[in-house]
Amino acid sequence: MPTPPDTSKTLKLERYNNYLRKIHSTKLISASSKLLFRATLLIALILILFFTINYPPLSDTPHHVPPHHRLHHHSLLSTSLFSAGGGAAWEKQVRLSSTPRRTNGFSVLVTGAAGFVGSHCSLALKKRGDGVLGLDNFNNYYDPSLKRARQNLLSKHQVFIVEGDLNDGPLLTKLFDVVPFTHVLHLAAQAGVRYAMQNPQSYISSNIAGFVNLLEVAKAANPQPSIVWASSSSVYGLNTENPFSERDRTDQPASLYAATKKAGEEIAHTYNHIYGLSLTGLRFFTVYGPWGRPDMAYFFFTKDILQGKSIDIYKTHNQKEVARDFTYIDDVVKGCLGALDTAEKSTGSGGKKKGAAQLRVYNLGNTSPVPVGRLVSILEGLLSTKAKKHVITMPRNGDVPFTHANVTLAFKDFGYKPTTDLSTGLRKFVKWYISYYGIQSKTRKESQATGESG
């Protein structure tokens, strides 16, 4: 009888193969589970980020957060993801807004375009046929709704404002990749003298770091743009020469704000010297007018007088009246456009200087200092309301007692000549203020009453 075949080896081999298949199957299931978990987690994080950015809480900022920590409402991440990566439609808006309509027109990037001076300059440039693209971070140093209203006004005139921060390098680089800007009008800054005592870091971040970031991107652009930027009359600090001339000392700032603006002038010199950027600094003297800043004295004086609140009028430590060279917005706009029109081309290419480039600084003021008491008297007349004045000695908070601009150089180089006196300018401001805030002034009420009784 034949011996049955030995199947033990075959069975062992089959068991071993089954064992191997089980191990591979277990590993595959484990790897698939891990991959599925990671993919789910990534999708969840992306969705959380998306809804956090696009659907903020009903309250813009928590009440327990200090004001100086709430300045920059939109994160750099949201700027880069949703502005710079906005796709074809976003790029089309950027290009359309930046394209000039007039022959040889400029293509201008206006930083701080939703601000006071920025919105007026953007509108003036657009109206004369230049291409204008705005950039603004809409921080809440003062009421952002006023900035949004300016944005709406510019939008009606086909000026598009990109919402973003100066310190967002990828966004700025993207803008310069999309548009070959001929000029930059750099007006974005952390404004205000007294606020620097509460939040000094915001001035460093915006006025120094932000300016350097803009210059870094501009120096690498091809072509390099010509840059006109806002310095400040505050750089004169403790200067006692009168009127203030561009030749006077500016190395004794009285506030951190002034120090950051002076630093900006030195930084401009450096980038001009090394990289061939054409740079023009404009020292503004107390700009006022319609669509102005609520933190300025003429603005909150108007508000407080109408509401029957007391207003503080400062006197110097030797009991002299504080005076300012109040400059109407239309005059400042003419100065900004004059500086742009006479700005020479930058001489660098791809970050390398090819020759000497233009470097300038000018005063833009009204040349007629007015005591703050006189400002209040004019407002009282325009509002038909007596102010409740509280005269106090000026605190040592960085404010200077007196400003007076010598504008001879700006007149010589681009015909700058202020034409609006304080009474005329304030009349225009009050008319705008009453209309914007829907206030019925006493004058109007009285005239209506007279008309009704007649």
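Colleague: Why does N104 count as exposed?

Modeller: Its relative accessibility is 69%. Exposed means over 50%, buried under 20%, and partly exposed in between (1.4 Å probe, protein chains only). At 69%, N104 therefore counts as exposed. This is a predicted model, where local features need pLDDT of at least 70, side-chain atom pairs count only at pLDDT 80 or more, and totals for chains, interfaces and linings use all residues. Residues are numbered from 1 along each chain as its sequence is written, and side-chain values use heavy atoms, with hydrogens and water left out.

Colleague: What is the phi of N104, and which loop holds N104?

Modeller: Phi is about 60°, positive although N104 is not a glycine. N104 sits in the loop between α3 (87–98) and β1 (107–111). Helices (H or I, at least four residues) and strands (E, at least two) are DSSP runs, numbered from the N terminus. Most residues other than glycine have a negative phi.

Colleague: Is F138 buried or exposed?

Modeller: F138 is at 4% relative accessibility, so F138 counts as buried. Its phi is near 50°, again positive in a residue other than glycine. The loop between β2 (131–136) and α5 (144–156) holds F138.

Colleague: How much of the protein chain counts as buried?

Modeller: Of its 454 residues, 48% count as buried.

Colleague: Why are α7 and α8 called roughly parallel?

Modeller: Helix α7 (residues 200–220) packs on helix α8 (residues 256–275) at about 15°, and the axes are 10 Å apart. Angles under 35 degrees count as roughly parallel, over 145 as roughly antiparallel, 65 to 115 as roughly perpendicular and the rest as oblique. So α7 and α8 are roughly parallel to each other. The crossing of α7 past α8 is right-handed, meaning the near helix is turned clockwise from the far one by less than a right angle.

Colleague: Which residues make the contact?

Modeller: With contact meaning heavy atoms within 4.5 Å, they include I204, F211 and L215 of α7, and Y257, I267 and Y271 of α8. The contact residues divide into 14 nonpolar, three polar and three charged. Nonpolar covers Ala, Val, Leu, Ile, Met, Phe, Trp, Tyr, Cys and Pro; charged covers Asp, Glu, Lys and Arg; the others, Gly among them, are polar.

Colleague: Where are P223 and P243?

Modeller: P223 is in the loop between α7 and β5 (226–230). The peptide bond from N222 to P223 is cis, with omega near 10°. P243 is in the loop between β5 and α8. From N242 to P243 the bond is cis too, with omega near -5°.

Terms used: Axes are lines fitted to C-alpha atoms, for helices over the stretch in contact, and angles run from 0 to 180 degrees between N-to-C directions.
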